[in-house]
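I opened this notebook to keep track of what I looked up in the structure. The entries follow the order in which I checked things.

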Amino acid sequence: MQKSVRFNEGHAMFLSVVARKEGTKRGYLSKKTTENSRWHEKFFALYQNVFFYFENEQSVRPAGIYLLEGCTCESVPVPKVSTAGKETLDKQHYFLIVFGHDGQKPLELRTEEENECDEWVEAIQQASYSDIIIEREVLMQKYIHLVQIVETEKVAANQLRTQLEDQDTEIERLKGEIVALNKTNERMWPYHVNQEDEDPDIKKIKKVQSFMRGWLCRRKWKLIVQDYICSPHAESMRKRNQIVFNMVEAETEYVHQLSILVNCFLRPLRMAASSKKPPISHDDVSSVFLNSETIMFLHEIFHQGLKARIANWPTLVLADLFDILLPMLNIYQEFVRNHQYSLQVLANCKQNRDFDKLLKQYEANAACEGRMLETFLTYPMFQIPRYIITLHELLAHTPHEHVERKSLEFAKSKLEELSRVMHDEVSDTENIRKNLAIERMIVEGCDILLDTSQTFVRQGECAHIHSISHVHLSGLVVRLSSPMYPHRRNRDQRRRL
């Protein structure tokens, strides 16, 4: 005899009381029984993703409970009946709750008002807990985005406050100079009074002399400016500015590519995974896209900072932006480490015709410009090396006494260290996957291949030859190298396939 399912009935009774008082949707509905297909009017209350119904509104104990997680709800047309009862049925509006497995019959309900039927359908469709989790994740990403923007604005505000303090100090210094000049003019006033009595010819000569001094001063400054424009330092600064402008353009294009990846592929596939007949599961969507949405939010913030710096041209200060960006670039480790696996999952999903058809429909979007999903998934793989190359070129045209020199060198060293770590992790991950693939090919298995210290070297065909010099057996030779056993490094580990 099969045992009945036990559940915490006391908590269910408590939730039923809460549902009757504070439920999302409450009211009378007609419910079709499964035994005799008759309709009975019950009082229903929806609380979160639990659906209670009572004999009437004053009932304390619920007559039944339905769990709505994973179910779908939709309006259905009026069933066909004889002419005698058609007038009565036209006043009724039906909707159906379909549960996510074959063992549960759908729940048929009806109401007399069309707008009330639509309200019930909409409330039940929004009762899924998984949709609430997805919405929470989206809101959390937006919150993190806003927090990072606030931190960036705080840094900018502190810099602006420092500049204002420096300007106040400069104003006080200039006021002191003006006071000193006024005192000097007061002492020189008798001399100016005497100048009014000078001869007109002397005044003309002094005017010509003043004009010539001004012309000579302007000519001298013009030569100084021309010499600087042609100097190596000015040429280096022009190249440095051009590198910064190119970096801003590349960052704009990269953010645009990430936006296409998220808006044209990731979010539509998430919605498709939540449909009634999903062509792909949520786990596969997470495995294919990894944390690409978080990467997009990060680079949108960095891109806004770059555009703010360009607005202050010719003063280009970038070191503080990289100081903010560097601690967050560790999110690339997960993406790069599992990139090859995500492409394998995508290839397996393409075996499903429905998914392949849907994906081609997304790729036909004009924003994709004929590029496939694999192309967009590959873009983040090259972003860290692109930053390293840009900083290398930027340092080549940054003077050693420049205020940002040390900060840019530190940022470049941190990026190179991160790149090496990601490369090593990718190499180790690919080595383990190759060893596991080879171990599955061996008939009797091979325990030594399950050791993570084994390193894949090469593989190829081999032949076992008798003394009568003819081939007896051919197979595959796999050479492994193990740091744990130095005396085995020069010996091939052979297994028969």
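**Entry 1: helix 14**

I began with the outward side of helix 14, where I389 and A396 are exposed on the face turned away from the buried side. I noted that the model is a predicted one. Next I listed the buried residues of helix 14: Q383, I384, Y387, I388, T390, L391, L394 and L395. Viewed down the helix axis, these buried residues fall within an arc of 165°, so they line one face of helix 14. I wrote down the general rule beside this: an α-helix has 3.6 residues a turn, so residues three or four places apart point the same way. I also checked the length. Helix 14 has 14 residues and spans 20 Å from first C-alpha to last, close to the 20 Å expected at 1.5 Å a residue.

**Entry 2: aromatic pairs**

How many aromatic pairs does the count come to? I got 11 aromatic pairs. One of them is F265 with F376, a tilted pair with 5.8 Å between centres and 45° between planes. F265 belongs to helix 6 (residues 232-273) and F376 to helix 13 (residues 373-378), so this pair ties together parts that are 111 residues apart in sequence. I then looked up accessibility and found both F265 and F376 buried.

The next pair I looked up was F302 with Y387, which is edge-to-face, with 5.9 Å centre to centre and 80° between the planes. It links distant parts of the chain, since F302 is in helix 8 (residues 292-311) and Y387 in helix 14 (residues 383-396), 85 residues apart. F302 and Y387 are both buried.

I also recorded a single aromatic cluster formed by F44, F51, Y53, Y66, F99 and W120. On a separate line I put R20, which lies over the face of F54 at 5.7 Å from the ring centre.

**Entry 3: nonpolar cores**

Which residues have the most contacts inside the largest nonpolar core? They are F265, F289 and L329, in a core of 58 residues. Helix 6 gives the most to this core, with 15 residues.

**Entry 4: helix 7 and what covers it**

I turned to helix 7 (residues 282-289), where V285, S287, V288 and F289 are buried. I asked what covers the buried residues of helix 7. The cover includes helix 6, helix 8, helix 10 (331-337), helix 11 (339-349) and helix 13.

**Entry 5: positive phi**

I started from a general rule: most residues other than glycine have a negative phi. L290 has a phi near 55°, a positive value in a residue other than glycine. L290 sits in the loop between helix 7 and helix 8, just after helix 7.

I found a positive phi for Q48 as well, near 55°. Q48 is placed in the loop between strand 2 (39-47) and strand 3 (50-54). Is Q48 buried or exposed? Its relative accessibility is 53%, and the cut-off for exposed is over 50%, so Q48 counts as exposed.

Methods. Residues are numbered from 1 along each chain as its sequence is written. This is a predicted model: local features need pLDDT of at least 70, side-chain atom pairs count only at pLDDT 80 or more; totals for chains, interfaces and linings use all residues. Side-chain values use heavy atoms; hydrogens and water are left out. Rings of Phe, Tyr and Trp (its six-membered ring) pair if their centres lie within 6.5 Å; planes under 30 degrees apart count as stacked, over 60 as edge-to-face and the rest as tilted. Helices (H or I, at least four residues) and strands (E, at least two) are DSSP runs, numbered from the N terminus. Buried means under 20% relative accessible area, exposed over 50%, partly exposed in between (1.4 Å probe, protein chains only). A charge sits over a ring if NZ of Lys or CZ of Arg is within 6 Å of the ring centre and within 35 degrees of the ring normal. A nonpolar core is a set of buried Ala, Val, Leu, Ile, Met, Phe, Trp, Tyr and Cys residues joined through side-chain atoms within 4.5 Å. Contact means heavy atoms within 4.5 Å. The expected span of a helix is 1.5 Å times one less than its number of residues. The arc is that of the directions from the helix axis to the C-beta atoms.
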